[in-house]
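Please consult the sequence and the structure shown below while reading.

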Amino acid sequence: MTELDSKIEGSYPIVKHHLDAPTLAELAAILEPGLQKSFKTASVSVTACPNLYDEPFYLAAPGLCGSERIADVGGLIHLHPVPNFDKKYSLISIMNQMELPQNQSFVLGAGAGPFHQIGHNSELIPNLSIGHNGTNRTQFAEIVNGGDYHSGPVPNGSTDCGLMANLFGSEGLPGPVLKITASHRTGPLNFTAAIQETLQSYYGERPVSLGGAFLIKKGKAKTHVMPDFCTERLEVGEAFDWLKFFEMDAPLVCPSVLHSYDPGWGLRMEHTHCFGLEKDGTKARGGHYHGDTTPETVEYEGYFNTAFSIYRIDQPPH
Ligand code: ZN
C-alpha cells in the first residue's frame with residue numbers, strides 16, 4: 001500500500017463481543033435447504049477458498065481466513081437527520097482496533113466514503129490489506145452532475161471512511177470457507193436476506209455473523225448511491241427518497257457483512273456494497289446492493305466465513 005498513513009489519529013470508543021460460531025459444515029447443512037426455499041437452485045458447501053485476489057473477485061487478499069472478526073463502526077445516525085462531520089474514520093486505525101495482526105490483515109465491506117477527502121458524500125466499498133503486497137483495492141461511487149453515478153478506485157489511495165462502516169476482517173489467508181451458489185430466485189428475499197432468514201430461523205437468539213463477498217455473475221442488481229449531503233434535515237422516511245437508485249449490470253462483486261440476530265449490541269444487521277470494474281467498454285459500477293431485478297436469470301456465487309468476535313466501534317448513543 002502506498003498511503004498507509006491516514007491523517008486521522010487516535011482510537012474510537014469500542015466494545016468487543018465474543019461469538020460462539022457454528023462450524024462451517026453445520027452452517028452448510030443448514031443453509032443449503034434454507035436457500036432452496038428462495039432459489040430454484042442453491043448449493044452450500046465447505047471448500048478451499050479460491051484465490052479471491054484474482055478477478056473476477058479482485059479482493060485485496062487471496063482468502064478470508066485467520067482471526068476472523070467483524071467491525072460495526074459508527075451508524076446511520078451519523079448521516080440522518082443531519083450529517084455529523086466529526087465522524088471521519090481511518091480504516092487502518094480500525095484494523096488495529098479490531099486487533100488484527102499488524103503485519104497481515106485484510107478488511108472488506110460497506111461504508112460511507114471519506115467526505116473530508118473526496119469533498120462530498122459517497123458510497124465506499126472498503127477492500128484493503130496489510131501484508132499481501134499491501135493492496136488497496138477500495139472502490140467508491142458518487143453522484144455526479146445530472147444525477148448519474150461515477151465509480152472507480154477511491155481517490156489518492158485513501159484509507160479513510162466517513163460516518164459508518166461494516167467490515168469483515170481476517171488475515172486474508174486461504175483456507176476453508178462457505179461456498180454459496182444460488183440461481184433463479186423464486187421468492188421475495190434477496191441473496192443476503194435469504195441467508196439471514198435461514199440462520200435466524202435455525203439459531204434464534206444465538207447470533208451468527210458472516211462476512212465475505214459474492215459475485216452476481218448474471219443479471220442485474222438494484223443499487224443506490226448516496227448523493228451529496230442534504231442541506232435540510234432529513235427524517236428516516238424522507239432519507240429513502242433522497243437516495244439515487246440504479247440498475248447495474250453483472251458482473252458485480254459484492255462485499256457483505258451480515259448477522260442473524262442482534263442481542264442488543266446496536267448492530268446494523270446487513271450491509272452489502274458492490275462494484276464492477278470498467279472492462280471492454282463497460283462503465284465501472286458501484287453502490288449499495290438491494291437485490292437483483294432479474295430473478296429468472298440471476299446467478300450468485302459467494303464465499304463467506306464466520307466471525308468469532310464483533311467490535312462495536314464508536315457506537316452512537318441510543
Ligand atoms: Zn450502504
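Does Cys161 count as buried or exposed? With a relative accessibility of 0%, Cys161 counts as buried. The model is predicted, and the points that follow are grouped by topic.

**Cysteines**

- The structure contains 0 disulfides.
- Cys161 takes part in no disulfide, and the nearest cysteine sulfur, belonging to Cys274, lies 18 Å away.
- Cys254 is likewise in no disulfide; here too the nearest cysteine sulfur is that of Cys274, at 4.9 Å.
- A disulfide requires two cysteine sulfur atoms within 2.5 Å.
- Cys254 is buried, its relative accessible area being 0%.

**Zinc site**

- Three histidines supply the protein donors of the zinc ion: His271 through NE2, His273 through NE2 and His288 through ND1, lying 2.1 Å from the ion.
- His271 counts as buried because its relative accessibility is 2%, which is under the 20% limit.
- His273 also counts as buried, at a relative accessibility of 0%.

**Largest pocket**

- The volume of the largest pocket is about 430 Å³.
- Its lining comprises 23 residues, of which Leu76, Leu79, His80, Ala239 and Arg268 are the closest to the centre.
- Strand 5 (105–112), helix 5 (236–242), strand 16 (270–276) and strand 17 (285–292) each contribute at least two residues to the lining of the largest pocket.
- Among the contributors to this lining, helix 5 gives the most, with 4 residues.
- By residue class, the lining of the largest pocket divides into 13 nonpolar, 7 polar and 3 charged residues.

**Second largest pocket**

- The second largest pocket has a volume of about 300 Å³.
- It is lined by 19 residues, and those closest to its centre are Pro251, Gly276, Leu277, Thr282 and Arg285.
- Two or more lining residues come from each of strand 14 (244–249), strand 15 (252–259) and strand 16.
- Strand 14 gives the most to the lining of the second largest pocket, with 3 residues.
- The lining of the second largest pocket consists of 10 nonpolar, 2 polar and 7 charged residues.

**Cavity**

- The count of cavities of 30 Å³ or more is 1, and the largest cavity has a volume of about 40 Å³.
- The lining of the largest cavity is formed by Leu79, His80, Pro81, Val82, Pro83, Phe229, Cys230, Glu232, Leu234 and Trp242.
- These lining residues divide into 8 nonpolar, 1 polar and 1 charged.
- Leu79 and His80 line the largest cavity, and Leu79 and His80 are also among the residues closest to the centre of the largest pocket.

**Salt bridges**

- The whole structure holds 10 salt bridges, including the pairs described below.
- Asp148 and Lys283 form a salt bridge whose closest N and O atoms are 3.0 Å apart.
- This pair links distant parts of the chain, 135 residues apart: Asp148 is in the loop between strand 8 (139–143) and strand 9 (149–153), and Lys283 is in the loop between strand 16 and strand 17.
- Asp148 counts as partly exposed at 36% relative accessibility, and Lys283 is partly exposed at 37%.
- Glu301 forms a salt bridge with Lys217, with the closest N and O atoms 2.9 Å apart.
- The pair connects distant parts of the chain, Glu301 lying in strand 18 (residues 299–306) and Lys217 in strand 12 (residues 209–218), 84 residues apart.
- Glu301 is buried, with a relative accessible area of 14%, whereas Lys217 is partly exposed at 38%.
- Asp249 forms a salt bridge with Lys220, and the closest N and O atoms are 2.6 Å apart.
- Asp249 is partly exposed, with a relative accessible area of 37%, and Lys220 counts as partly exposed at 30%.

Note on methods: Residues numbered from 1 in each chain as written. Predicted model: local features only at pLDDT ≥ 70, side-chain atom pairs only at ≥ 80, totals over all residues. Heavy atoms only, no water. 1 Å grid on protein atoms, 1.4 Å probe; cavity = no way out; pocket = protein on both sides within 12 Å on 5 of 7 lines; lining within 4 Å. Points joined across faces, edges and corners; volume = space filled by probe spheres on them. Nonpolar A, V, L, I, M, F, W, Y, C, P; charged D, E, K, R; others polar. Donors = N, O, S within 2.8 Å, 3.2 Å for Na, K, Ca; no water. Buried < 20%, exposed > 50% of the residue type's maximum accessible area, 1.4 Å probe, protein only. Salt bridge = Lys/Arg side-chain N within 4 Å of Asp/Glu carboxyl O.
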